[in-house]
Structures are given as C-alpha cells and as structure tokens.
Amino acid sequence: MTYLVADNLPQGLAGERFRALLERPEILQLPGAYNGLSALQAKAKGFEGLYLSGAAMSASMGLPDLGVITIDDVCFHIRQIARASGLPILVDGDTGFGEALNVMHMVRCFEEAGAAAVQIEDQLLPKKCGHLNDKKLASADDMAAKVAAARKARKHLQIIARTDALEREGLDGAIARAKLYVEAGADAIFPEALRDAADFARFSAEVKVPLLANMTEFGRTPFMTASEFQQLGYKMVIWPVSALRIAARAHDDLYATLRDEGGAQSIVGRMQTRAELYETIHYHDYEALDSTIIQSVVPTGV
C-alpha cells in the first residue's frame, strides 16, 4: 500500500534508513527512478533504495543535462518518488546549485522533500554528464567547502561527494580529491567515469569510506555486475538513466506506430495492461479508503 495509509509509512528518518542499508555486507543496488510510477515498479521488484538522476530528470522535462534545472524542479521529483515508494532515495544534486550557502539551502530543501542522500560533484557550470569530454573542474578546496557546508546543514541526509577529476588530473588526482572531500565531511565517495576494473580496485584500496559505482550505459565504464563491483570493494551501484532510456525507446516506437498505422493495435501486447497498471499504483486500495467509491471493474476486452 502507498503513503496514504498511516500504518504503512516508513519508520525512521530517510538518511538513517539509507545509512543502515550501507552497513549491511551486500552492495546496495540503486536503480534509477525518475517518477512515482517507475519508483513503484522498482520497489515491486524488491529494490530497497532508489537513485534520482539529474540527467533523467532533465530529459523527462525535455532539457539537456547541463545544470539548467532548479532546486524546486528536483524537489518536485523527490516528493513524488518518496511519497509513492517510501524508499530511501539518493538524489543527484549536480554542483550544489551554487556555492556554500546555496549547497546548504539545497540540503535543507532535499531533506524536507524526503531525500535520504545527496550527491554533489566537483564540476563548474555548465556541468556535463561525467562520461562526456571537456568537463570544467572546481578547485579541490572549493569543492571541499561545499561538502563541509552540506555536512553542517544536514540533519540526517547522507553526503556523497562525486569527483570528475579523472579526465584532467588522472587517477592520482581523483584519489587525492576524494581524500580531501572525506576530510571535509563526505560520508561516501562517487568516483565518476572510471575506465576499468583496475581503476575501481585502486580507488577502493586507497579511499576508506563507502564508494559508489556508476553503471551507466553508453559511457566510459565497461559493463560490470553488482556482484563484480562488490568484489572490487564498492558499497553502492547505480543505473541512473536505464529506466528512462527503456521508456523513451518505447515511446518512440509507439508514436511511430500511431503515425504509420493509424492506431496502436499491433503493439498492444507490449503494453502494460490496465489491470497491471492499477495493481502497480494500488488503485483499488485507494478506492477502499473511501467507502463512497464503488470498486471499479476493469474491462476485460481490448
């Protein structure tokens, strides 16, 4: 049942629930969810936490992932995913939406919206996907100041510092930055766009806090499984945009079929049925909350 039923609400602060998941021996698997429906679908498959990607949010709004969305945009997504699923969410905070004071404001807004953890990266605006070229880096000290500000502002939100330094400063530079961010107060580190298992292993050998691996498609990191990342010493793995990419391809196929065939009859077998959708969103449970609503009968015909 969903967030409307009081006896089924999550117990404890979101950040504390996220930290408890990290303390377990197995790697925490965080699939990307970009709206309430995808969050419910991930939860139904047994996932215990979610990742909210800036790239997925931007794309769902028809915008590029260049740091153009706002704190309010992100909070809208956090609220619907947190309320729908009740799961702890790691949220992409991009560059923190400004300098130290802006980061503190972001942390407070994200906590109020229901986030469990936030990721902050050491790029300058306009930021880019970490797997693209020509990323501009903030100074290590400026990023450390943002991390310290986030730590000071948080009540329970877990602070994950991401470094995009591999391209410009090499693995040694990225590791040095990570250690500085840990000293500043980061609870975990996200080394972005590592190139192979050797890079991942070296990072985990030198940085002694929980580490996050990004298994994005069409990027610089080769495909690896959650268990392989765990063997390399990682405590979290994300698939940030996978759900949106699958959905976007399905949208494209649908619209092409409507254009070319004048209807969707030929692909109706690929659709989630009305009954399946209602089960996912707990439609009849909502009806049961109000005795004035007669339970709907789902049509059986196509």
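## Buried strand

Buried means under 20% relative accessible area, exposed means over 50%, and partly exposed lies in between (1.4 Å probe, protein chains only). Strand β6 covers residues 188-191, and both of its faces are covered. Ala188 and Phe190 are buried on one side. Ile189 and Pro191 are buried on the other. Helices (H or I, at least four residues) and strands (E, at least two) are DSSP runs, numbered from the N terminus.

This is a predicted model: local features need pLDDT of at least 70, side-chain atom pairs count only at pLDDT 80 or more, and totals for chains, interfaces and linings use all residues. Residues are numbered from 1 along each chain as its sequence is written, and side-chain values use heavy atoms, leaving out hydrogens and water.

## Strand partner

Strand β5 (residues 158-163) pairs with β6 in the parallel sense, over four bridges. Pairing requires at least two DSSP bridges between the strands. Ala188 in β6 is the bridge partner of Ile160.

## Two cores

A nonpolar core is a set of buried Ala, Val, Leu, Ile, Met, Phe, Trp, Tyr and Cys residues joined through side-chain atoms within 4.5 Å. The largest has 60 residues. Phe110, Ile189, Phe203, Phe229 and Tyr234 have the most contacts inside it. Helix α5 (residues 100-113) gives this core its largest share, seven residues. Apart from it lies another core, of 16 residues, including Tyr51 and Ile160.

## A loop residue

Leu63 lies in the loop between α3 (54-60) and α4 (71-85). Leu63 counts as partly exposed because its relative accessibility is 35%.
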